[in-house]
Amino acid sequence: MSEKNQPTMEEIVSLCKRRGFVFPSSEIYGGLANAWDFGPYGSQLKKNIKDSWWRFFVERRDDMVGLDAAIIMNPRTWEASGHLSHFSDLKAECKKCNERIRVDQKLKDEDNAYFNDKVKNINDAIRNGEKTAIGSEDEIDGIRKEMQIKLNEYCACSKCGNKNWTVPEQFNLMFRIDYSLTGSENSIAYLRPETAQAMFVDFLNISNTARKKLPFGVAQIGKSFRNEITPGNFIFRTREFEQMEIEYFFDSKKSDWNIPFDGLRKDMEKWMDAVGIDMKKVHAVDIPDGERAHYSQRTIDFEFEYPFGQKELFGLAYRGDYDLSQHENLSGEELRIIDPETNEKIRPHVIEPSLGVERGLLSVLLSAFENQVLEDGSSRTVLHFKPEIAPVQIAVFPLMKNKEELVEKAKNIFEDLKQNFRCEFDDNGNVGKRYRRQDEIGTPFCVTVDFESLEDGAVTVRDRDTMVQERIKIADLQKYFGEKLK
Ligand code: GAP
């Protein structure tokens with residue numbers, strides 16, 4: 001067999017479409033740019049990844065509790081969190097074809113001295129909208145124009161090749177929605193750009209009811225929305241995506257923040273490995289001062305080697321007490337917890353592991369994918385999913401479709417196994433083709449009922465990875481798969 005090779009994005013996208021993992025959203029109407037739907041196997045895979053995360057970080061620990069909060073929150077949330085003023089990128093448009101770019105990324109890609117010296121500071125000053133060392137509104141306007149000149153000098157539009165850009169402007173990434181029935185001006189709300197804020201805003205309700213002592217974490221899985229300027233690379237960057245986030249609260253007077261930070265870092269690494277992400281392709285990158293999000297005192301990005309480059313997979317941040325203190329200030333509510341030993345009211349600090357479900361799924365797919373050339377010269381595509389997350393764990397086949405005794409026995413086995421495992425019954429085409437299809441779906445085991453089965457009460461079990469086949473008694477199948485799959 002050949003060495004495992006890095007798939008291309010075309011191979012992944014094509015497999016996802018062909019096998020019903022992921023396909024373009026609303027395709028019959030021509031689709032919608034950068035919107036994707038997770039089909040029968042994709043939705044199951046996504047659910048399995050989320051379930052695995054929830055089991056790992058919430059259910060098997062006694063210092064974590066869950067939350068499932070509303071997506072549309074009181075808009076003051078975003079005022080306090082800083083998203084209204086800070087959550088923006090510099091955007092410019094090609095004057096010829098209207099292609100939109102993120103200015104910082106584009107200039108960074110060009111890697112010219114201008115970026116290294118200036119863009120970071122300028123971006124910061126414009127983003128903060130404050131009179132910093134860089135100066136007044138007039139000066140900032142001057143800098144925007146200077147940036148436009150640099151863009152026109154260095155950066156050709158990737159769509160039409162022109163070098164003619166609009167003056168860069170700050171573009172807020174939150175989706176605004178009209179939340180009123182009357183259309184009044186005060187009715188603007190936002191689709192949440194991160195799940196995190198509900199865990200801060202609900203802190204009192206959670207700490208009063210969960211009866212946890214510090215340190216403890218709150219976990220949430222849910223949709224987030226960002227009006228990204230440059231979405232793309234399949235499901236890597238989209239405007240609608242899911243996050244799995246934890247806000248881990250601790251007493252900063254009793255514990256050095258490095259302790260929970262390092263602990264959660266190790267847990268994230270363990271979980272990535274457990275879910276089948278190739279850890280040789282994961283790199284921890286410390287984000288330097290000036291490039292971190294506005295709330296973060298330290299951030300590690302776990303980057304993955306995608307076919308389109310090494311890019312962020314997940315993040316781990318030390319948010320201090322930035323969020324709780326901001327919400328205290330704006331709401332007037334004390335977001336604190338009483339230390340039962342000292343009776344002191346504590347505003348905890350926070351470590352935040354933040355994971356994108358789609359990026360996790362893409363990394364799992366890329367890690368599992370293999371195009372194999374077999375010893376007989378034939379080839380197969382196989383997804384080596386971990387059994388825990390494979391959409392289908394066991395496929396059950398009758399050797400032939402038109403032999404009633406085989407079909408009946410296979411159906412009985414399927415009925416029995418599906419009580420405990422994710423199973424699929426398949427009687428289409430020849431068995432060789434069914435194996436190939438299950439390999440592409442990533443099914444760890446196939447069970448075939450043949451004529452011998454009617455005599456000896458045993459079936460052929462074929463292992464996806466080794467392709468070795470062995471005879472197992474039907475009466476022993478539950479135990480056999482219980483050991484292999486649980
Ligand atoms: N609460 C912290 C936070 O939201 P982030 O680095 O902006 O931090 C966390 O996002 C994770 O969410 C990222 O590491 C990534 O996995 C995922 N993510 C962010 N934006 C995304 C997008 N536009 N499309 C897909 N996933 C995204």
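Buried means under 20% relative accessible area, exposed means over 50%, and partly exposed is in between (1.4 Å probe, protein chains only). What you're looking at is a predicted model, where local features need pLDDT of at least 70, side-chain atom pairs count only at pLDDT 80 or more, and totals for chains, interfaces and linings use all residues. Numbering starts from 1 along each chain as its sequence is written, and side-chain values use heavy atoms, with hydrogens and water left out.

**Domains**

- The domain assignment gives domain 1 (1-76 + 174-377), domain 2 (88-172) and domain 3 (392-484); such bounds come from an automatic or database domain assignment.
- Between the C-alpha centres of domain 1 and domain 2 there are 29 Å.
- Nine residues of domain 1 and twelve residues of domain 2 take part in their contact, where contact means heavy atoms within 4.5 Å.
- About 880 Å² is buried between domain 1 and domain 2, 45% of it on carbon and sulfur atoms. Buried area here is the accessible area (1.4 Å probe) that two parts lose on being put together, summed over both.
- On the domain 1 side, Ile 229, Thr 230 and Glu 291 lose the most area to domain 2, together 56% of what that side buries.
- The side of domain 1 that touches domain 2 has two nonpolar, three polar and four charged residues. In this scheme Ala, Val, Leu, Ile, Met, Phe, Trp, Tyr, Cys and Pro count as nonpolar, Asp, Glu, Lys and Arg as charged, and the others, Gly among them, as polar.

**Salt bridges**

- Side chains of opposite charge can pair when their charged atoms come close.
- The whole structure has 40 salt bridges, each being a side-chain nitrogen of Lys or Arg within 4 Å of a carboxyl oxygen of Asp or Glu.
- Across the interface of domain 1 and domain 2, though, the count is zero salt bridges.
- Arg 319 pairs with Glu 194 in a salt bridge (3.3 Å, N to O). Arg 319 sits in strand β13 (residues 309-320) and Glu 194 in the loop between β8 and α8, so the pair ties together parts that are 125 residues apart in sequence.
- Helices (H or I, at least four residues) and strands (E, at least two) are DSSP runs, numbered from the N terminus.
- Arg 319 also meets Asp 323 in a salt bridge (2.8 Å, N to O).
- Arg 319 counts as buried because its relative accessibility is 0%, and Glu 194 is buried too, at 3%.
- Glu 440 and Arg 18 form another salt bridge (3.0 Å, N to O). This one links helix α14 with helix α1 (residues 9-18), 422 residues apart.
- Glu 440 is buried at 11% relative accessibility, while Arg 18 is partly exposed at 43%.
- Lys 46, Lys 50, Glu 242 and Glu 358 are joined in a network of salt bridges.

**Helix α14**

- In α14 (residues 431-441), the buried residues include Val 431, Arg 434, Tyr 435 and Gln 438.
- At the N-terminal end, Asn 430 caps α14, with a side-chain oxygen 3.1 Å from the backbone nitrogen of Gly 432.
- Just after α14 comes Gly 442, which has a positive phi of about 90°.

- Thr 195 is in the loop between β8 (188-190) and α8 (196-201), and it is buried because its relative accessible area is 0%.
- Beyond residues up to four places away in sequence, Thr 195 touches Gln 220, Gly 222, Lys 223, Ser 224, Gln 243 and Glu 245.
- Leu 204 belongs to helix α9 (residues 203-210) and is partly exposed at 24% relative accessibility.
- Setting aside neighbours within four places in sequence, Leu 204 is in contact with Glu 333, Glu 334, Leu 335 and Arg 336.

- Most residues other than glycine have a negative phi, and most peptide bonds are trans.
- Arg 211 has a positive phi of about 55° without being a glycine; it lies in the loop between α9 and β9 and is exposed at 74% relative accessibility.
- Phe 234 has a positive phi of about 60°, again without being a glycine, but Phe 234 is buried at 7% relative accessibility.
- The peptide bond from Leu 214 to Pro 215 is cis, with omega near 0°.

Notes
A polar contact is a pair of N or O atoms within 3.5 Å; within protein, one must be able to donate a hydrogen and the other to accept it, and residues adjacent in sequence count only if both atoms are side-chain atoms.
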